[in-house]
Amino acid sequence: MTFSLSIHNTLAALAEAQKFVETFLSGHGVPFEAAYAVRLSLEELVSNIIRHGYDDREPHEIGICLEILPVVIELMIDDDGRPFDPNSAEPVPVPASLEEAPTGGMGLSLVRTIAGPMEYQRLGNRNQVKLQIAF
Amino acid sequence: MAEVRTIAATDEISHIRLVGRLDIEGVGTIEIPLTAATVARKRPAIVDMSGVDFLGSIGIGLLVRCAISLQRSGARLVLFGCQPLVQKSLEITKIHAVVPIVESEAAAFELVVVK
């Protein structure tokens, strides 16, 4: 079962996409933990692209493709933003105090740990990130 | 969608229950009411997380900002009752090292109330 959609680079479009994805996953009986990992990956990866991926304020297309296979869900996200490998993000350090605790920049660590490794490639002018979420 | 419910707002404590998803959309809804119900009151705050079924990095950032602001007022913020994946997210981001996270309301109350 495959689901794909293309959204504009706005947080409102991401919120709408999450609703479609949720309907697709629940309609195919995907367990809560795997659905959570998909939702988290979309939230963190796509919001990162929207906030940091572009040098202009023009509309851009972000592609989202989900495929439910026998034991994994394959999630692929592609965009025409600046080249960025999400695996290059540093792990979150232990803060020495509450004042030093991070209030941002944690999303990719969350995805790596909860959803699993991300496979990145640059194809032409597009970034492509692929995850395989086991269930 | 997400929601902030005030369970108790006394001179001693702010007792808050969060419900729903702390994602981009949810945080947009609760940021102001949560700040008003905790930071603005300048009282120790215990936050019931049992109704939170999704916690993204934006939600973690909001909780940390509230905890930092409260600390600057001399009060503490304690989280309790996290669902397993929410608890895991707080541990991955090392927030549990600086914001107390306990299992029960009683344990949270114990941490913030001076006897």
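**Helix packing and the A–B interface**

H1(A) passes H2(A) in a right-handed crossing, meaning the near helix is turned clockwise from the far one by less than a right angle. This is a predicted model, where local features need pLDDT of at least 70 and side-chain atom pairs pLDDT 80 or more, while totals for chains, interfaces and linings use all residues. Residues are numbered from 1 along each chain as written, chains are lettered from A, and side-chain values use heavy atoms, without hydrogens or water.

H1 covers residues 11–27 of chain A and H2 residues 32–52; helices here are DSSP runs of H or I, at least four residues, numbered from the N terminus. They pack at about 160°, axes 10 Å apart. Axes are lines fitted to C-alpha atoms over the stretch in contact, with angles from 0 to 180 degrees between N-to-C directions. So H1(A) is roughly antiparallel to H2(A), a label for angles over 145 degrees.

The contact (heavy atoms within 4.5 Å) includes A:Leu14 and A:Glu22 from H1(A), and A:Leu42 and A:Arg39 from H2(A).

Now the interface. 30 residues of chain A are in contact with 29 residues of chain B. The buried area is about 2,600 Å², with 66% from carbon and sulfur atoms; that is accessible area (1.4 Å probe) lost on putting the two parts together, summed over both. A:Tyr36, A:Leu98 and A:Glu99 supply 26% of what chain A buries against chain B, more than any other three residues.

The rule finds four salt bridges across this interface, each a side-chain nitrogen of Lys or Arg within 4 Å of a carboxyl oxygen of Asp or Glu. A:Glu22 and B:Arg21 meet in a salt bridge at 2.8 Å, N to O.

Methods
Helix = DSSP H or I, 4+ residues; strand = E, 2+ residues; numbered from the N terminus. Parallel < 35°, antiparallel > 145°, perpendicular 65-115°, else oblique.
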